[in-house]
Amino acid sequence: MKNKIRASALFLCLLLLLMSTACGRGGSSYPVLDTLSTEKWNIAFRQGDSVGEIVTAALCELAASGELSRLSSEYLGDDYSCLDGNAGALETLAAETEIPERTLLIGVEANSPPLSLFSGYMFSGFIPALAEKVCETIGWDYQFIPVLPSDASVELASGNVDCVWVSAAFTESSSTAVSPGYLENEEWLIVRRDSGYASKRSLRGLDLAVTDSDNAAAVLKAAEQSDTFRAIWTYATPTECFAALDNKSCSAVLMDSLIAQTIMYG
């Protein structure tokens with residue numbers, strides 16, 4: 001009798017372990033085969049424009065107040081913020097730099113939920129909500145303009161936008177200034193659970209789906225995986241990438257964790 005009880009208890013423990021594993025990362029129909037990189041997303045500005053310092057100061061105040069963490073949890077399901085807070089950042093800056101009234105032209109992505117989405121003649125999502133709080137803190141009006149992350153430098157140089165606030169980690173250059181990183185992201189290599197693929201090596205010679213070919217190429221190069229895939233197919237939206245995975249048009253998807261998890265676990 002005792003042996004039966006022990007066997008039943010062991011079975012129950014194993015069942016609970018399997019259930020808990022299924023609720024974690026990779027527990028959906030789309031397991032994460034590997035994390036190719038980690039990064040901190042930031043905001044891009046024109047080099048030499050005081051807008052960058054002012055927006056960064058306001059963002060630091062929101063980090064200090066807990067508003068950045070709150071918005072991350074609300075829109076992304078958890079707190080992925082990584083910016084050090086500074087409750088007096090804007091006041092300190094205002095004592096040294098004039099902060100004139102203005103309308104901030106903010107470049108955001110039109111189809112990148114839950115980060116940003118254009119629907120019904122308005123933008124919604126984490127980034128628009130955070131940008132609105134930043135402008136409210138400064139006392140500025142704002143206008144959202146749809147842009148592509150790959151066009152950031154062109155959009156800034158043309159004056160079409162004052163900042164590019166998208167799902168990207170920008171690098172400072174002679175023409176582009178960047179804010180400190182404020183949100184942590186990973187680049188996930190994702191497959192179907194029934195695919196049988198167990199490692200990056202098993203994907204050699206197969207097709208990969210992405211939404212940004214330039215970023216994908218950079219991530220693969222940094223991870224020394226540039227020669228792994230036969231072809232890289234670019235789709236307009238994350239949803240289309242997963243649709244391609246479902247219909248076996250590709251064997252894997254490379255995507256930002258903060259975007260992919262909404263589809264995988266949403």
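Two strands are said to pair if DSSP finds at least two bridges between them, and the strands themselves, like the helices, are DSSP runs numbered from the N terminus, with at least two residues (E) for a strand and at least four (H or I) for a helix. With that in mind, please look at strand β11 (residues 207-210) and strand β13 (residues 252-256), which run parallel and are joined by two bridges; L208 has A252 in β13 as its bridge partner.

Before I go on, a word on the model: it is predicted, so that local features need pLDDT of at least 70 and side-chain atom pairs count only at pLDDT 80 or more, while totals for chains, interfaces and linings use all residues. Residues are numbered from 1 along each chain as its sequence is written, and side-chain values use heavy atoms, with hydrogens and water left out.

Let me turn to the interior. Of the 266 residues of the protein chain, 44% count as buried, which is to say under 20% relative accessible area, with exposed meaning over 50% and partly exposed in between (1.4 Å probe, protein chains only). A nonpolar core is a set of buried Ala, Val, Leu, Ile, Met, Phe, Trp, Tyr and Cys residues joined through side-chain atoms within 4.5 Å. The largest one here has 54 residues, and V55, F126, W165 and Y182 have the most contacts inside it. Helix α2 (residues 51-65) gives the largest share of this core, nine residues. Apart from it lies another core, of 14 residues, including L203 and F229.

Which residues does F126 touch, leaving aside its neighbours within four places in sequence? They are L68, L71, S72, Y75, L76, P114, L115, Y182 and L183. F126 sits in helix α5 (residues 126-138), and F126 counts as buried because its relative accessible area is 0%.

Definitions and conventions
Contact means heavy atoms within 4.5 Å.
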